[in-house]
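Thanks for asking me to look this over. Here are my notes, point by point, for reading alongside the model.

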Amino acid sequence: MALSRIWSAFILIAIVVGLIRFLPASGEKQMFSSMVIGKNGDTVVAKTMAITAAPQSVVQGLDTAARVTENKITYKKEGAAVVALRVQSANGVIETCKDAVTICIGLIGIMALFMGFMSIAEKAGGVNLLSRIIGPFFSRIFPEIPKGHPAFGHMMMNFSANLLNLDNAATPFGIKAMESLQELNPNKATASNAQLMFLCLHASGLTLIPVTIIAARASLKATNPTDIFVPCMVATFAATMAAMFIVSFKQKINVLQPVILAWVLGISAIIAALVLYLVRLNADGVQSFSGILSNGLILFIFLAIVLGALYKKINVFDAFIEGAKGGFETAVRIIPYLVGMLVAISLLRTSGTFDVVINGMKQLFMWMGADTRFVDGLPTALIKPLSGSGARGMMIDTMKTFGPDSFAGRLSSVLQGSSDTTFYVIAVYFGAVGIKNTRYAVGAMLLADLVGIIASILLAYLFFGSSL
């Protein structure tokens with residue numbers, strides 16, 4: 001029910017904001033076209049004004065140049081008028097529907113591959129072995145799951161893939177975990193406690209090496225592309241711990257149990273050791289290490305699964321085909337959920353709702369007399385729960401505008417690495433198992449995201465507070 005209300009609110013707010021921007025005599029007359037049939041990268045007429053109404057700096061600039069750009073708006077003369085142009089930053093609803101289907105088509109092969117190998121691992125007993133290893137910890141934070149249940153193994157593989165930034169592997173492992181948890185769910189239309197805990201931990205986006213962020217900073221000639229590594233790691237770890245504490249509080253789970261504390265401290269120590277090693281490497285070294293570790297782990301998993309299946313005398317290929325069929329069916333099943341969520345997000349972006357929120361926040365902090373440098377990095381944080389690609393584009397745009405070594409550029413990088421795409425996760429994972437009542441999932445995930453954002457801002461001031 002909460003997700004339904006939020007989805008409805010997204011659409012209503014977007015349309016109202018679009019209408020407000022359309023109605024004035026000098027308003028955006030292409031607003032509705034942008035929202036419905038517009039495409040990312042289109043040049044749109046924002047407004048047409050008399051020369052006397054144009055900013056003085058623009059008028060002076062147009063005296064010597066055909067076009068002048070200020071604050072991402074390009075101005076040009078047309079007779080006695082000045083036309084303001086902007087570049088559309090997101091697809092309209094029609095193109096977004098196509099994007100949703102394209103995403104799902106792209107998932108089909110990946111889902112079939114990893115769920116095929118997962119089927120082999122289940123028949124060979126590998127998932128049960130992993131479940132027994134992680135059982136002492138998971139049985140405390142997932143008390144409703146029977147000890148040794150395969151869901152423990154599926155969740156562990158998902159968390160491991162997330163930690164190593166293996167997005168292609170994390171999604172099928174995560175959906176398989178949701179399907180395993182759904183088998184234990186007494187009310188198939190309502191999210192269980194275990195599903196809520198799993199998805200909130202997953203959506204916190206704990207990642208060890210933010211390779212794509214480092215690569216983006218390197219491509220924009222940052223002085224030290226890896227300087228955001230430690231803040232990213234600390235911020236995403238804070239968000240993950242917040243997610244665990246928030247859900248544990250709701251489910252009345254005692255997180256101070258010795259087993260939970262021992263596992264959390266042990267994992268923290270391993271992560272800290274890897275961080276200490278990685279901070280000594282340059283950008284190329286970090287990317288090389290990440291590639292070897294991540295891709296090598298995938299090949300090791302494939303090798304271990306096949307060898308284990310041969311030892312157990314399993315019909316390996318038949319088991320793979322059986323699981324791969326399920327991957328195809330799951331990828332197709334999530335299309336309606338993904339279309340619905342992405343369309344609502346598209347309307348928010350094309351209507352200019354984000355611009356209104358960001359400008360309002362900046363004015364508020366200026367009125368309060370606070371340091372407003374962090375506001376320039378906030379667009380990445382606001383878009384991240386809604387769109388991973390949108391947030392990545394906003395991060396790159398922030399670094400291009402202010403510089404990769406600026407405070408805003410570094411903060412946007414840390415924010416990009418501090419959480420996952422919350423609403424995408426909700427649409428895909430709950431949609432894959434037909435959950436309609438998500439209970440407090442949205443609130444818990446967004447609260448954990450907020451902790452990640454606050455931690456990112458504080459860490460940015462701590463590490464880069466003297467940046468210009």
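1. A word on terms to begin with: buried means under 20% relative accessible area, exposed over 50%, and partly exposed in between (1.4 Å probe, protein chains only). Helices (H or I, at least four residues) and strands (E, at least two) are DSSP runs, numbered from the N terminus. This is a predicted model, in which local features need pLDDT of at least 70 and side-chain atom pairs count only at pLDDT 80 or more, while totals for chains, interfaces and linings use all residues. Residues are numbered from 1 along each chain as its sequence is written, and side-chain values use heavy atoms, with hydrogens and water left out.

2. Have a look at helix 8 (193–203). Eleven of its eleven residues are buried, so helix 8 is mostly covered. After helix 8 comes Gly205, with a positive phi near 70°.

3. Which residues touch the most other members of the largest nonpolar core? They are Phe138, Ile141, Phe142, Met155, Phe198 and Phe430, in a core of 75 residues. (A nonpolar core is a set of buried Ala, Val, Leu, Ile, Met, Phe, Trp, Tyr and Cys residues joined through side-chain atoms within 4.5 Å.) Helix 19 (residues 422–433) gives this core its largest share, nine residues. Another core lies apart from it, with 33 residues that include Ile271, Phe407, Ile453 and Phe464.

4. Setting aside neighbours within four places in sequence, Phe430 is in contact (heavy atoms within 4.5 Å) with Met178, Ala191, Leu196, Leu199, Val425, Ile435, Thr438 and Ala441.

5. Next, the second largest pocket, with a volume of about 1400 Å³. On a 1 Å grid over the protein atoms alone, a pocket is an open set of points where a 1.4 Å probe fits, with protein on both sides within 12 Å along at least five of seven lines; lining residues have an atom within 4 Å of a point. Grid points are joined across faces, edges and corners, and the volume is the space filled by probe spheres set on the points. This pocket is lined by 47 residues, and Leu130, Met156, Met157, Phe159 and Ser160 lie nearest its centre. Helix 5 supplies the largest share of the lining, nine residues. By class, the lining has 37 nonpolar, nine polar and one charged residues; here Ala, Val, Leu, Ile, Met, Phe, Trp, Tyr, Cys and Pro count as nonpolar, Asp, Glu, Lys and Arg as charged, and the others, Gly among them, as polar.

6. Is Glu28 buried or exposed? Glu28 is buried, at 6% relative accessible area, and sits in the loop between helix 1 (2–22) and helix 2 (31–36). Its side chain makes a polar contact of 2.5 Å with that of Arg21. (A polar contact is a pair of N or O atoms within 3.5 Å; within protein, one must be able to donate a hydrogen and the other to accept it, and residues adjacent in sequence count only if both atoms are side-chain atoms.)

7. Finally, a backbone detail. Most residues other than glycine have a negative phi. Lys221 has a positive phi of about 65° and is exposed, at 69% relative accessibility. Lys313 has a positive phi of about 60° and is exposed too, at 73%.
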